[in-house]
Amino acid sequence: MNKFLSIFSLLSLLVSCQYFEKRVPSEEELLQKRLKEINWNEVTVYPSVAECDSILDKELQKECFFKYLTEIIHQKIAPDSLLTNTKIIDTIEVRVTVFPDSKITFEPLFPTDSLTYDKQKTDSIIKARLTDFPKIEPAQKEGIPVKTQFILPIILKAD
């Protein structure tokens with residue numbers, strides 16, 4: 001009986017050792033797992049300017065950047081009056097693109113049915129005035145600079 005118990009113990013010990021062996025995942029498996037964890041629709045760090053770099057909270061830094069960008073845009077286009085057919089305040093949207101190399105572009109988005117302002121003049125003023133911006137740090141995704149686009153509303157005051 002003792003022999004049987006000893007053999008049984010030895011066999012169970014040998015078999016149980018296999019349970020302690022852990023399979024090491026391959027690099028490809030780890031990569032695929034990590035890629036599935038990443039939210040590809042949101043950046044890790046939003047674009048930023050020097051004035052907003054000291055803010056640690058992600059949402060507050062984003063708000064600071066948009067506020068700063070809006071103020072700079074208004075300052076740059078304020079000297080020009082954008083003529084309209086009627087005496088109203090109108091709003092256009094501008095698509096802002098920040099590239100990984102810190103280059104920034106602006107593209108006015110005009111409503112297709114709007115005749116309240118001269119689209120060519122507005123477009124040329126926006127493209128001429130919105131140059132020489134302070135350095136903008138691009139957004140980052142997992143530590144890599146990425147291109148981002150967003151739309152800012154700009155209020156045009158008619159004369």
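Rings of Phe, Tyr and Trp (its six-membered ring) count as a pair if their centres lie within 6.5 Å, with planes under 30 degrees apart called stacked, over 60 edge-to-face and the rest tilted. The model shown here is predicted, so local features need pLDDT of at least 70 and side-chain atom pairs count only at pLDDT 80 or more, while totals for chains, interfaces and linings use all residues. Residues are numbered from 1 along each chain as its sequence is written, and side-chain values use heavy atoms, with hydrogens and water left out.

**View A. Aromatic rings of helix 3 and strand 5.**
A search of the whole structure turns up three aromatic pairs. In one of them, Phe66 and Phe150 have ring centres 4.8 Å apart and planes at 85 degrees, so this pair is edge-to-face. Phe66 belongs to helix 3 and Phe150 to strand 5, so the contact ties together parts that are 84 residues apart in sequence; helices (H or I, at least four residues) and strands (E, at least two) are DSSP runs, numbered from the N terminus. Phe66 is partly exposed, at 23% relative accessible area, whereas Phe150 counts as buried at 13%. Here buried means under 20% relative accessible area, exposed over 50% and partly exposed in between (1.4 Å probe, protein chains only).

**View B. The largest nonpolar core.**
A nonpolar core is a set of buried Ala, Val, Leu, Ile, Met, Phe, Trp, Tyr and Cys residues joined through side-chain atoms within 4.5 Å. The largest one has 22 residues, and those touching the most other members are Leu69, Ile73, Val96, Ile104, Phe106 and Phe133. Two or more residues each come from helix 3 (58-77), strand 1 (89-98), strand 2 (104-109) and strand 5 (148-157). Helix 3 gives the most, with seven residues. Take a look at Ile104: leaving aside residues up to four places away in sequence, Ile104 touches Leu69, Val96, Thr97, Val98, Phe133 and Ile136 (contact means heavy atoms within 4.5 Å).

**View C. A salt bridge between Glu142 and Arg34.**
The structure holds five salt bridges, each a side-chain nitrogen of Lys or Arg within 4 Å of a carboxyl oxygen of Asp or Glu. In this one, the side chains of Glu142 and Arg34 meet at 2.7 Å, N to O. The partners are 108 residues apart, with Glu142 in the loop between strand 3 (139-141) and strand 4 (144-146) and Arg34 in helix 2 (residues 27-37). Glu142 is partly exposed at 40% relative accessible area, and Arg34 is partly exposed at 37%.

**View D. A salt bridge between Lys58 and Glu42.**
The side chains of Lys58 and Glu42 form a salt bridge at 3.0 Å, N to O. Lys58 lies in helix 3 and Glu42 in the loop between helix 2 and helix 3, so the pair ties together parts 16 residues apart in sequence. Lys58 is partly exposed, with a relative accessible area of 29%, as is Glu42, with 36%.

Arg95 and Glu107 meet through their side chains in a salt bridge of 3.2 Å, N to O. Arg95 sits in strand 1 and Glu107 in strand 2, twelve residues apart. Both are partly exposed: Arg95 has 26% relative accessibility and Glu107 37%. Elsewhere, salt bridges that share partners join Arg34, Glu37 and Glu142 into one network.
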